[in-house]
Structure formats: structure tokens, C-alpha cells
Amino acid sequence: MRSLADSAQRGGRRVRGAIELALRSLAVLAVLALLVLEFMDSDSAQRSIATAEGAESALPAIAAAVRDPRVHDVHLELATAPDASTRDLIRAVRRSGVGVTWNAPLPPAGLLSVEPLASPGQSQRLTVASEVPLILADDAGILDSVPAGASVILGAHVSGSLRAWAASDSARALATAMVRDSLHVRRVLVLGMAGWESRFVTVALEEAGWNVDARLGVSPTATVAQGVIRPDTARHSAVVVLDSSAAPYSNAIADYARSGGGVILLPDALSLRALRSVAPGGRGGLMSAEDGMLASPEPRHGLPMVPIVGVRDDSFILEDRDGAAAVAIRRTGAGRVLQTGYQESWRWRLAGGEGAPVAHRAWWSSLVQSVAYAPSSGSAVSQPWTHADETPVAALLATIGPPDESAPLQEADTIESRGIFRWWLFGIAILALLAEWASRRFRGLA
């Protein structure tokens, strides 16, 4: 007859056997789950959904998504449109063989550029175009505000990088630009007879910051010179020819223009054959000044003018008056030649009202800027050019395509969460097998 101790021992073995069977079954089920999950993942197209705020968080998001080598498609959800760094990242991941789509709200389309002007003050030309009003700022503070549309700002001084914000939202710059280089501006040579025009042209250019060389005739046989007279691109950015007294240098001026220099011709300079060969056009009949216009919003209508006729096909008319060409420009060889029909501009300065001296100075300086020879100084920008993003929306669509608003192939089951789940299954299987082995071991020792 069996004792109670034997019965209890046999019951304990049965319970331990049931536990060992359960542990073995749990390990087998965990392994089977791993195999099924692996089969399902390998049999279906995998797409990871990564979310990021910007470039600094897009890199770890994409890295986590593509950690599994079976992933071939990543969808990137961004809070803002990809900037230049994020666009480069997406393009690099695509080139590695992983498909990347993205979705984010697009900012207003716009353009922002900064170009150095050939001016003595090292100023810049800003070109802005946007669907919305913008605020422009550089490293020193706010520069200006511009309305929606296209705008050109001349004579700006940009410190560091230039940024444009939507006037209604200053959370993120819509576009950024930087001055790539600066120009080396040289002297201006003025040639003409001594008189009111030569005097005030020279004064206007010097007031605007230009360094001036001059040769002024005081009689048919006497001249007064300042600086180097013979035109040379190594010294002069532009040559202003007021009249025919420049005859001894006319051939040199034409050669100077063809070699890259800038030349401005007034009507009386067209009496010289060498200068007619490079001029944008010929001389017409004299148009009288309009009375009372010097102090009006169109003060140059108060100046006598010799219209430019027979404008060459390769020339461009910059200004006209009553249908007649008043200012024209053409490229001659490597240089530029500007022809103006206005005479006696000194009258504008003296009789044009309170702001006339400033306007006269700015006009003459702008004529010189439009033709000035100003080679690059070769100075580097203060920050890497890669920080600039001049046309973000256009660059975005050109480099990585439009946003993808379609539903993702897989919902929130990311690669990283599936990896963690696999590790849990693997751990359960190992622990179950170890527990079963330990139970068998201790049962044999008992």
C-alpha cells in the first residue's frame, strides 16, 4: 500500500511536469511567433513612418527607419518644409537605394538674392520676389520691408547673411542669401572742357565716393590734369567723355572699352569717329528743355537733349523721353558703352529744388555703376555659402519632388517597435527554455 509521502511526491512530479511542458510550449510558441513575423515582414513591402521637426531631427528619424536592411521605403512627416540640409539628406538616402517620400506644408514661393554693386561704398543689389509681404533682416538687424511681388533694392549694405520672413509669421525664415564676393572698384576718368558741366559731374562723382582722374581743357592749347589721363583697366573703372576735347585719346578710349572698360558718352563726344564706332547709336536733332520741369518729379525733362537715333540692334534703351531714346547702352567687346542724350545736367543740380543735388549725384553715380569695370576682389564670405537658401520652394521641388500626401502603406508599426517586439519574443523563448532546463536539473538531483 502506497504511503501518503509517495502520493505527494508523485503529485509534485506531475505538477512540475505540467510546468515544464508549459515552459517548453511557451518557448516553442515564441519561436513560432518570431518565424511568422519574419515571414510576414519579408513577404510584404515595408514602409517606415518617421516624424521630425527639421533637419536636426530628420537625420536620427531616417537612421532609425532604415536600420533594418529590409526596409526599402521611408515616409518622412515634417512639421515644416525641408530646408537645404534636409533636402541633401533625403537625396543622399535615395541614392543609397532607399525610397524616401515626404509630406509637409509648403511655404509661400519666393526668391532672395544679393549681388555686389560696382560702387565705391561696397553696396549690394537685393532682388526679392514673394507671394506675401516680407521683412528683410541681416545679422545686424531689420533692413526693410517689401510688399508682395517683385522688388529690387539698390545700394543696400548687408552684414553677414540676409534673411526674409513673412510679415505675418516670423517663426522661420522663408529664404536666406549671402554676398558671395566683393568687387574691386577703381577710379573714374573725366575728359572734357572746363565749364559748369565738367565741374559738377566731377563734384557729383566725388561726393558719391568715386575717386576721379580728370583732364579739363581751359583753352585750345592748355589743359589741367589730375591723376593718370590715359584710360587703363588697371586703374580706371569708367571713362566719362563730355565733348570732343578727348580727341587725342579717342582711339585709346575705344580700345579701353573693347578690353573690358566702361565708357559714358555725352552728345558732343559723338563728333569723334573712334567713339562713334563703339556708341550705341547716333545723334539726332536738339530737343529743347521743357520750362519749369527742373523742379518737377521728372527733372530731366527740364534739360536740353540730343536724342539717340539709329540705335544698334545689340543696344538697349534704358530711358526715353517723349518717345525718343535718351539713354542707351551696348556691350562692345568685353566692355560696356553708355550713351546719354542729356546736356547741361548742371542746371538740374543748381535749379532743381531742395533735393536736386542728391538726385543729380545719384543719377551720375548710377550711370557709372551701369558700365563700371569692377573685377572680383576674391574675398571669401564670412560664413559657408551652403547656409544660403535663395529659392527654397523651387529648389525643394527640383531636388526631391513635391510632397506625398497619400496614405502610408503601414500605419504606426515602425521598424524600431517591431525590433523591440522581436527581442521580447526572443527573450521569452530563452527564459522559458532555461527555466525548463533548470526544473529538469533540480528534479534529477532531488
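1. In helix α9, which spans residues 392-400, the buried residues are Pro-392, Val-393, Leu-396 and Ile-400, where buried means under 20% relative accessible area, exposed over 50% and partly exposed in between, with a 1.4 Å probe and protein chains only. Seen down the axis of α9, these buried residues fall within an arc of 95°, so they line one face of the helix; the arc is that of the directions from the helix axis to the C-beta atoms. Helices (H or I, at least four residues) and strands (E, at least two) are DSSP runs, numbered from the N terminus.

2. This is a predicted model, in which local features need pLDDT of at least 70 and side-chain atom pairs count only at pLDDT 80 or more, while totals for chains, interfaces and linings use all residues. Residues are numbered from 1 along each chain as its sequence is written, and side-chain values use heavy atoms, with hydrogens and water left out.

3. The cover over the buried residues of α9 includes α3 (84-95), β3 (99-103), β4 (110-116) and β10 (175-178). Just after α9, Gly-401 takes a positive phi of about 80°.

4. Ser-370 lies in helix α8 (residues 356-371) and is partly exposed, with a relative accessible area of 24%. Leaving aside neighbours within four places in sequence, Ser-370 is in contact (heavy atoms within 4.5 Å) with Ile-329, Arg-336 and Leu-338.

5. On confidence, the mean pLDDT (the predictor's confidence in each residue, from 0 to 100) of the protein chain is 83. Over residues 409-415, pLDDT stays under 50. Where pLDDT is low, the predicted coordinates should not be read in detail.
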